[in-house]
Structures are given as structure tokens and as C-alpha cells.
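Please look over the structure shown here. The briefing below takes it topic by topic.

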Amino acid sequence: MSSPTIASVSVDELRDIAKRVRAHIVRMVAAAQSGHPGGSLSAVELGVSLFWNHLRCDPSRPDWPDRDRFLLSKGHATPFYYSLLAERGYFSTDLLSGFRTLGSPLQGHASMNAAPGIEMSGGSLGQGLSFAIGQAKAARMDGRDSRCWVLLGDGELNEGQVWEAAMAVPHFGLGDRIIAMVDRNGIQNDGFADTIMRTHPADMFRGFGWQVIECDGHDMAAVDQALSEAERPHEKPRCVVAYTIKGRGVSYMENNPSFHGKAPNADQLATAIAEIELGLK
Amino acid sequence: MSAPTPTSAATREAYPFGLLDLVEAGVDVVAIDADLSVSTMGYQFGEKHPDRWMTVGVAEANMVGIAAGLAAAGKTAFIASFAAFLPGRCFDQLRTSVAQPKGGLNVKCVGSHGGITVGEDGMSAQAVEDLSLMTSLIPFDVIVPADFEEARQAIVAVGKTTRPAYVRTGRPKVPAIYGRDYRFEIGRSNKLREGSDVTLIACGILVEAAVKAADFLANEGISARVVNMATIKPIDREAVIAAARETGAIVTAEEHQTTGGLGSAVARVLAETIPAPMSFVGVDRYGTSGKWDELLGYFELTPARVAQAARDAIARKR
Ligand SMILES: Cc1ncc(C[n+]2csc(CCOP(=O)(O)OP(=O)(O)O)c2C)c(N)n1
């Protein structure tokens, strides 16, 4: 077995990849005229840093048993997820244009085994951290050193199951194998989290026995640093809370709850592509 | 705000209007959403009656528990989410906190985006098991309205009982079948076409397909009765028995798997009274992404399939 494959690319390169991923996201959602751009754009830096510099994976062998697992618990962020998988080489970027259409493997919410690299079925929030516990426990039983990286939304933290799992990770001593990442964009489906249901992700995870690493979720260097820190062995499980902006990179989507699950029209798409090309300011 | 009578509307759009009617009628309503109020349309009620509406975030199980507490304290509690998550994410809370207290507590569940016509979101958001789950909760009434007017009246009807109930609403706009003169009653079906060779019993979005199927069949000289069976539980036994006696063959059509929903309920009545050949139209697999009208074709929830099911049932007559 070859060694784990981490691309190890520079922060500048990561930023270029992030631009491509953002462009895929808005194009996919615009083509489908449905989907979730806001929470896809907010997670881009986390996803790109993870997939190129931290996730031990081999896109040519998606079933490699020792691979790290990326579990998209906020399963609606598929434009983000599929773009990452395609850019990383799991499948052709040509597939992206079929997103959400009848017969495409790129389902509205990720469907396990539908396309290479999809590690769990999602779409009903709150389930990823529990799934990770099962994966991590099995890896430990089988003597494999693979890890699980779980991406959660901050609205998703409303689900009780997240906290059942958060409590269980330190209890089972799985902190060396499970890393949680919270995309703290402050907006959920119906509006701003502070009016829908207030959460305090960092305090809540700390209260459940986790080591919390906070970062600016759109500063690529800071994100990359935070994920490196999260990988270092520590007696507690690690949770990266990334402070992000929903819709980041497209001015009219930024911090705008209505783009949680709404597609841009043709004019808006052109604006979005132009802005994304300029990069984050 | 009095309810409109749109020629085309989604059944979910009727939910807030039903709630407003109930408040006007003096019912002590409290409605709760779980971060899908923009989809269930519950937010429109919240705008009119902020004191009677709340959102609990993405926390369906908590929502059910809160509703049970409200009901135990004398309120008429309505809760809403996608039919995939209500009952999907909170079945045990519905069972223990709502259904098992003697007679059931006064909690009304509204599952929006029922069936596969959610469309592009795909299988996780497409409910093909909500009717099975909800008919299994003993004190619950279970209703699948076919158009806006019927949905509004169903919300009002369940709000005026003290029993727990489940009302399934849909995402896409569907043509109006009924006007203001229609009178929905829990447990009473509505005959849309008279017929003597076969009866097409449908609910929800399949009612329209059944009517079109009856037209197809009429061209072939087959006389098909069409019954809108909006109440799955308690089922209108008299209408089913009459259909079997007078037409001798039955088709059920539903946007749901054929186990545990409309088809199963009708089959049971037939088995206990006048067995008649029967065909089931439904969705016996998980959904997939696609446009909602495309999916109706993909899963063969079509007039052509209902008509074929009718021919099959008729061929099995003895
Ligand atoms: C169990 C469940 N309930 C409701 C939904 C509908 N839903 C989809 S996304 C969403 C809001 C999620 O907010 P957040 O986790 O903050 O996601 P992000 O802002 O990162 O996109 C909701 C309520 C769902 N997918 N699953």
C-alpha cells in the first residue's frame, strides 16, 4: 500500500483552487435552478485546505481502506462537496453540470455510493458525527489509523443528535480519530441563527469536553493552520469553529439568508463569476 | 385575511389560512416550526399572530415534546416540517408523548413536501413512508388533501377536534378541484366521477391523475368511478364497500409506497367485507433528484399507469 496522499500545496495554490470551486458552485446551482449556494460558499476555504493539505486520501482509489473519511453532515452543501471531489480528481468536472437532474449521480443531497468519494448519505441534518463514531471505532478495532473529518453547519447544531455524539466522542476516547469542523456562518434556513435558535458553538463543544480551535474561515492561511493544529495529537477531541460568511465571494449572496437555498438567475450568475474571478478581498 | 380560492396552488399554501380560520373561530392555536417555516408556509401565520407561533430551530424531536406540553396545558398545538422529518426525525416522541396519553394529545402534525414531488432535493427530502408511520400511531387521523381548498378545510377540521392528526401537504402547485362550496369532513370521501366497471381511489396529487385516467378509460368504453379518499385514517369504509359492490374492481393511487398508506387501508376493508380484484399504484423505492413533474413520469404516477392498473384489475374480475 502506498503512503497516504496529501497534496501539500501552497496557500496561494489553495486560493486558486478555491476560486475554481466557488465558480463551480454558482454554475451548478444556476444550471439546476435549485440547490444551496450560501452554505456551500461559506465552507470553501475549509474544504479546500482539508482536501489538499490534510485529508489522507487517494482519488484514484476511493475505497482505499486506510483513507481518512470526510463526512458532510450538513448534507445540503453538495455544490461545495461535488466541486471539491471533482477538482481533487474523484470524477470529471463534466459531471457537475448534471447536478440535481434526473439520472445524475450528483443528487441534491449526497447519496452514499452514488459517485466516488461520497462517504455517507446526508440531507437529514445532525447525523454525521454519529456516523464518524462508528467509522472511527471500526478503524480502531481493525488497527487502521484513518481519521474522520466531519463538517457541521451551525444551524445543524440545533439537532439533539449532534450533542449525543459530541458527548460520546470523548467518552469513547475517539478524539485522536475524529475532528469536527463547524461552519459558523450565522444563518440557517429561515433566517439568522440568533433569531431562529441561538447557539454558542465554541462554548458548547468545550462544555462537552472538546478542545476548540477558532479561526477566520475565509483566511486560507489561518484555516490551513487551524486544521494542522487540529491534526496534532491532544488529549481531547478537536473541533475547529470557522467563523464564516454565508454566500462568501458573491456580494449579493453574502450574509443574505435568502440565498440559503435559492439559485441565481442568468444576470446574477454573470456577476457572481466576475466577482469570484477577482478573489476574496 | 380571508383565504383565496386560487385556480392553481400548492396544498402547503393553505396551511396558514387554515390556522387563521381556526383562530378566528376561537380555537386556542399555537403553531411551531423547525427552521422550515418558509417551506411549510407556517411563517405566514407567524406574521399575523407572532404570539401564537414559534420556531425551535432544526430540532424536530424538541418541537414534538413542546407541542405535547402545550396540548397537555389545553392548547391546540400545530407543528410543521417536511414530511420526511416529521414524522421521520421524531417518531418516538410522537408515539410516547402524543399518541400514548389516553385518547392522544391535541397535537396536529403538518408534513409538507410529501411524496416525491419535492423534486430536486432528492431522496432524503422525499417522504414515501410518512403515511405508514402516521397510520401506525393509534389515535391519529391521517389526511392527504388534493387541492388548496381541501387542504384549508382539512386544517380547520383537524383543529376543531381534540384528537391528534397528521395532514400531508405538497410542494408543487396543483389545479383546484374544489370551490368554496365544498364541505370536507374527516373520514368522508368525495366521489368525483360516477362509474360502474372499476373504481379509482386516489389521494393527494394522484386525484388529478385518476380523473384523467377515467377519461382515457371512457374512450375505451370503460366506465370508471373516481373517489378522492383524502382521509386515509379513519378510512371511509362505506365508500370502499360500495365501490366493490357496484364496480367490482378497485385501483388505489398514492404518492407513497403501497405498504401502509391508502392502498393498504382500502385492501383491508375489502378483505374484511367484499374481496374484489385490486391494483396498487405507488412508489416502492426511494426517490431521486429531478424536476417534480419529470419525477411523476419517472415513477409512473401517471394517468396512463392508473388506467393500465384499472385494466389489470378488471381483467381479474371473476
Ligand atoms: C433533520 C432536518 N431538518 C430540516 C432540514 C432542512 N434544512 C436544510 S438546510 C437547513 C438549515 C441548516 O443550517 P446550517 O446548518 O447553518 O447550514 P448552512 O448555513 O451551513 O448551509 C435546514 C433546516 C434538514 N435538512 N434536516
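**Helix, contact between chains, and one residue**

The 12 residues of helix α6 (residues 160-171) of chain A should span 16 Å at 1.5 Å a residue, and its end C-alpha atoms are 17 Å apart, which agrees. The expected span is 1.5 Å times one less than the number of residues. Helices here are DSSP runs (H or I, at least four residues) and strands are DSSP runs too (E, at least two), numbered from the N terminus. This is a predicted model: local features need pLDDT of at least 70, side-chain atom pairs count only at pLDDT 80 or more, and totals for chains, interfaces and linings use all residues. Residues are numbered from 1 along each chain as its sequence is written, and chains are lettered from A in the order in which they are written.

**Helix α6(A)**
- Its buried residues (under 20% relative accessible area, 1.4 Å probe, protein chains only) include Trp163(A) and Val169(A).
- The buried residues of α6(A) pack against α5, β2, β3 and α8 of chain A.
- Gly173(A), with a positive phi near 65°, follows α6(A).

**Chain B against chain A**
- The contact (heavy atoms within 4.5 Å) takes 24 residues from chain B and 26 from chain A.
- Asp35(B), Val58(B) and Arg89(B) supply 31% of the area that chain B buries against chain A, buried area being the accessible area (1.4 Å probe) that two parts lose on being put together, summed over both.
- Arg89(B) and Glu159(A) form a salt bridge (3.4 Å, N to O), that is, a side-chain nitrogen of Lys or Arg within 4 Å of a carboxyl oxygen of Asp or Glu.

**Thr247(B)**
- Thr247(B) lies in helix α9 (residues 237-247) of chain B and is buried, with a relative accessible area of 2%.

Notes. Side-chain values use heavy atoms; hydrogens and water are left out. Buried means under 20% relative accessible area, exposed over 50%, partly exposed in between (1.4 Å probe, protein chains only).
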